[in-house]
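Thanks for making the time this morning. I would like to walk you through one model, slowly, and please keep the structure open while I talk.

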Amino acid sequence: MARVLTPRAEDFPRWYQDLIAKAKLADNGPVRGTMVIRPAGYAIWERMQAEMDDRIKAAGAENAYFPLFIPESYLKREAEHVEGFSPELAVVTHGGGKQLAEPVVVRPTSETVIGEFMAKWIDSYRDLPLLLNQWANVVRWELRPRVFLRTSEFLWQEGHTAHATREDARAYARKILHEAYEDLMVSVLGIPVVVGLKTARERFAGATATYTCEGMMGDGKALQLGTSHELGQNFAKAFDISYSSAEGGREHAWTTSWGTSTRMLGGLIMCHGDDNGLRVPPKLAPTQAYVMVVKDGDGVSEAAAKLRDALRDAGVRVTLDDRTDTPFGRRAVDAELRGYPVRVEVGPRDLAAGNAVVVRRTDGSKAPTPVADVVGAVLAALDADQRALHDQALAFRESRTVDVATLDEALEAATTGWARVPWSVVGTDGEAKANAQGVTVRCLVRADNSVPDTEDEPDLRAILARAY
């Protein structure tokens, strides 16, 4: 295939930008730092959204919607929160041609406005837990934008919950972390993630604990794909989210928040993409099978339409491409770029022999297949390639992750991948030294790779890496 993209090994950031443009996933918006998500990219986001929404609802949360504009005074109620977000805020001072009596902030996140309404809606312990989620856009003014990874406006879901006890809040934050986030990323996106605890330096502004899912990208850097936060009683006290207990006393609730965003699209590209374009895991792909008419005539279009119908009847998300006025080679290149898991090519010569050609995007294999066997071959390929993409990404991560004993060794290892090092030899001073060299502690994990409750537990391991 003619070279369409800059090779990853030559210039990974340029490859990333090339792929987004050539696969028609997104474009830069008219305001610096914003993006336009094109139909091909948005279709993938819709699939992510649907899969995530199902998992969030299975965890008991309900969808709601809250305002885009937040009174500036709301953010100031929780000091650490406003301090953490101040550099990123977009503030509206005029509306309707007049100066506003109070400036309003375009939401960077919704803890404060949702906290206001939680306080209004919660009265008794019978009102708890209150489990809310919203799908929305947020604005965080970005100085160094990169499409999908860091943009001034992006799409996401943000969950916000209130509980009667700290234990219940912690259990729910972890339920979302594992049953919604980790499960989606591993089983659908095919991205193996390390799940751990953020350090105090890295945790969310106003939180008492932040849990994270970290994925390794194709250049060895880390990407934070989703976070879940315990907020303690910080926001409950700031907004008086309180309830009458069963014993008759008045208690403050314990709250959580958690979110994933269109950053997952960037992660998908950088984890699975190759020099020919995107590779979309079959469970996620909006189009799982792409049936292509190579050349019309001799019953080819009719045979291709029947294959499309048979695949659709078998539960495959399928698209028929019968644009014979566009050269087949160009259409095949576009299909590679967009990462359709399987192509089914139907041409006069193969059809005369009773075959179609099944092409697998993951390994590039092409297999002439009897028309009667195409549906079975496609289903088998989709199943195998879902596992293959995950296993390839896991093997790559393991090959680029090293166990070291000192901070200096960790910093050296972080030039090409990840380092696992005892947290006790890093500590807060070592973390500051690493940050000064562009390396961060991505998360802390226990020796058995489970998620710790605090960074003060003994025998924790720190994952150090350069990150997006």
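This is a predicted model: local features need pLDDT of at least 70, side-chain atom pairs count only at pLDDT 80 or more; totals for chains, interfaces and linings use all residues.

Residues are numbered from 1 along each chain as its sequence is written, and side-chain values use heavy atoms, with hydrogens and water left out.

Let me begin with the open sheet of five strands, which has the order S16-S15-S17-S18-S19 and mixed pairing; strands here are DSSP runs of E with at least two residues, helices are runs of H or I with at least four, and both are numbered from the N terminus. Two strands count as paired if DSSP finds at least two bridges between them. Strand S16 (318-321) and strand S19 (366-370) stand at the edges with a single partner strand each, so one side of each is left without a neighbour in the sheet. From one strand to the next the twist averages 25°, where axes are lines fitted to C-alpha atoms, for helices over the stretch in contact, and angles run from 0 to 180 degrees between N-to-C directions. Strand S15 (residues 289-293) runs parallel to S16 and is joined to it by four bridges, and Ala289 has Val318 as its bridge partner in S16.

The other sheet I want to show is also open, with three strands in the order S4-S6-S5 and antiparallel pairing. Its edge strands, S4 (69-71) and S5 (90-95), each pair on one side only, and its twist averages 50° from one strand to the next. Five bridges hold the antiparallel pairing of S5 with strand S6 (residues 98-106), and His94 finds its bridge partner in Gln99 of S6.

Turning to charges, how many salt bridges does the structure hold? There are 28, each being a side-chain nitrogen of Lys or Arg within 4 Å of a carboxyl oxygen of Asp or Glu. One of them joins Arg55 and Asp183, with the closest N and O atoms 2.8 Å apart. This pair links distant parts of the chain, since Arg55 lies in helix H2 (residues 39-58) and Asp183 in helix H6 (residues 166-187), 128 residues apart.

Finally, the backbone. The peptide bond from Leu128 to Pro129 is cis, with omega near -5°, and Pro129 is found in the loop between helix H5 (111-121) and strand S7 (130-139). Phe148, although not a glycine, has a positive phi of about 75°, and Phe148 is located in the loop between S7 and strand S8 (153-163).
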